[in-house]
Protein chains: 2
Amino acid sequence: MSSNTPSVARQQDEAVAAGNVSPQERLSIGAAFSPLYRQIKALILQSLDRGEWKPGEAIPSELDLAARFKVSQGTVRKAIDELAAENILLRRQGKGTFVTTHHEERVRFRFLRLCPDDGPQVGSDSHYLDCRRVRAPAEIARLLDVKTGDSLVQIRRRLSFSGKPTIIEDIWLPGALVKGLTYERLSDYKGPLYGLFETEFGVRMIRADEKIRAVAAGPAESSVLNLQEGTPLLQIERVSYTYGDRPVEVRRGHYCTANYHYLSNLN
Amino acid sequence: MSSNTPSVARQQDEAVAAGNVSPQERLSIGAAFSPLYRQIKALILQSLDRGEWKPGEAIPSELDLAARFKVSQGTVRKAIDELAAENILLRRQGKGTFVTTHHEERVRFRFLRLCPDDGPQVGSDSHYLDCRRVRAPAEIARLLDVKTGDSLVQIRRRLSFSGKPTIIEDIWLPGALVKGLTYERLSDYKGPLYGLFETEFGVRMIRADEKIRAVAAGPAESSVLNLQEGTPLLQIERVSYTYGDRPVEVRRGHYCTANYHYLSNLN
DNA sequence: TAGTGGTCTAGACCACATA
DNA sequence: ATGTGGTCTAGACCACTAG
């Protein structure tokens, strides 16, 4: 086993064997109990975060990981089960376990919940309107957990479905995370934006929260989407997170829902 | 073991032992492979569906269920794991596994994703405006998987937060499912509507899909919510499902998002 | 103290993909 | 034929709750 892959100490054994604390004490001193498989999960997440296995690649087999961490295969399985449930890993029977990637038709609509009212799901065309450095407004800075005035990259784009302009959105990211991102680079790129962030900058979106409101189209929205001012639009504010729940992107979009709807599943 | 709780046959053993088909054939004849724990899950769902264990009650312990179905505890565990992940069952360490119920503060906002822009989540007050029998319009009938013209119950209500009218919605259910539901019964009832359906009519909502649009307030919305006509509102169409993915309720609501937003989590 | 769910292990075998 | 993930079992022990 290499020195940078620490074996996992069983808390119980270690604590009790060391004679320092009893199982009871372990709880009372505030050391949060965390089962072995969660520690394994955390270690796997660390490896993903530092890029040991890249999106699209396979991670080591369960038996390999079990040997590496000195636990049983079942414990590794349970750790991977949770990561797969969170769409961070993807299991493929007979082939291996893979790091999910935003370069996949299959996953294109995981973060884009707009569906046509009738007919099948259809791809979107991005048209980039702007890309520049800005100083973080207080409101955006708070969401990104950076200081007001810090350097951000701001992108404005228009999304069309079947040729019809449907979404206009502004996107902000910390400038340090996407150094070298230019308007040309965006315009030349084909595919999902999160795919570009992933491969070009090593920034991987894991999950996002969206706040949805109904608003009236203003001048910007009406001209870009070719609508009358005052047309009701969905305003969607998204905060996207990478590993460790670190916020790395804010979007504010306006969606025309004349022929499309936002789909939400309640479980 | 009682006669109405069949033991689960291991497909492999049964088929091979019977000498009819080989494991290879089993697949080719189209008998879909389903692991044991999914068969157990289906049996538990059947018991829930026919009311053997009611919302709020505990189901038998894992060891009891294992004995009943003649499988190992681990297999029962995996079946229950999935049901717990779907919010159908709720595990409480040391106490047992319980059937989830809509009578719980904890679960009040599982199906109501409207949050105040600032401040803590707050309860809602229902004011019932109407409750009557109607013939199913084609559009609603299709969603409920019944025939156009079938008898439905239609409910109209207004929801207020902190005294401010915020939501108006129409609700349709198959009349046969909620026999005896009257306006008085609704008005006297305190608590979530799904709680009433659950305890009074044995209709339990398991999950729901919502389609969201932005629309302009019409006459009905503006008068009930005390808004100007044309104010942008969220229009939310919900279809709720009970066991076996049977649709049992359609809602069409209009939400004022001046001080609230709809929260959606993308994973 | 007894009963419940939660964790961890070891081993056997099945299903699937690939060479 | 080999290696991967998927299922199932049996047993030991831990964590939590309640009588």
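Modeller: Here it is. Over all chains, a search of the whole structure finds 42 salt bridges. Keep in mind that this is a predicted model.

Biologist: Which residue forms a salt bridge with A:Glu82?

Modeller: That is A:Lys41. The closest N and O atoms of the pair are 2.9 Å apart.

Biologist: Why does the pair tie together parts that are apart in sequence?

Modeller: Look at the helices. A:Glu82 sits in helix α5 of chain A, residues 73-85, and A:Lys41 sits in helix α3 of chain A, residues 36-49, so the pair links parts that are 41 residues apart in sequence.

Biologist: On to the contact. How many residues come from chain A and how many from chain B?

Modeller: Chain A gives 29 residues and chain B gives 29 residues.

Biologist: What area do chain A and chain B bury between them?

Modeller: About 2,600 Å². Of that, 53% is on carbon and sulfur atoms.

Biologist: Which residues in chain A lose the most area to chain B?

Modeller: A:Arg213, A:Leu266 and A:Asn267. Together they make up 27% of what that side buries.

Biologist: How many salt bridges are there between chain A and chain B?

Modeller: Two. B:Asp117 forms a salt bridge with A:Arg213, with the closest N and O atoms 2.7 Å apart. A:Arg213 is also among the residues of chain A that lose the most area to chain B.

Biologist: Which elements give two or more residues to the side of chain A that touches chain B?

Modeller: Three strands of chain A: β8 (207-216), β9 (232-242) and β11 (260-266). The largest share, ten residues, comes from β8(A).

Biologist: How do the residues of that side divide by class?

Modeller: The side of chain A that touches chain B has 14 nonpolar, six polar and nine charged residues.

Biologist: Which residues line the largest cavity?

Modeller: The lining includes A:Asn87, A:His102, A:Arg110, A:Glu198 and A:Met205. By class, that lining has three nonpolar, four polar and three charged residues.

Biologist: And what lines the second largest cavity?

Modeller: Residues of chain B: B:Lys164, B:Pro165, B:Thr166, B:Cys256, B:Ala258, B:Asn259 and B:Tyr260. They divide into four nonpolar, two polar and one charged.

Biologist: Which strand gives the most to the lining of the second largest cavity?

Modeller: Strand β7 of chain B, residues 164-174, with three residues.

Methods. Residues are numbered from 1 along each chain as its sequence is written. Chains are lettered from A and ligands numbered from 1 in the order in which they are written. This is a predicted model: local features need pLDDT of at least 70, side-chain atom pairs count only at pLDDT 80 or more; totals for chains, interfaces and linings use all residues. Side-chain values use heavy atoms; hydrogens and water are left out. On a 1 Å grid over the protein atoms alone, a cavity is a set of points where a 1.4 Å probe fits but cannot get out, and a pocket is an open set with protein on both sides within 12 Å along at least five of seven lines; lining residues have an atom within 4 Å of a point. Ala, Val, Leu, Ile, Met, Phe, Trp, Tyr, Cys and Pro count as nonpolar, Asp, Glu, Lys and Arg as charged, and the others, Gly among them, as polar. Helices (H or I, at least four residues) and strands (E, at least two) are DSSP runs, numbered from the N terminus. Contact means heavy atoms within 4.5 Å. Buried area is the accessible area (1.4 Å probe) that two parts lose on being put together, summed over both. A salt bridge is a side-chain nitrogen of Lys or Arg within 4 Å of a carboxyl oxygen of Asp or Glu.
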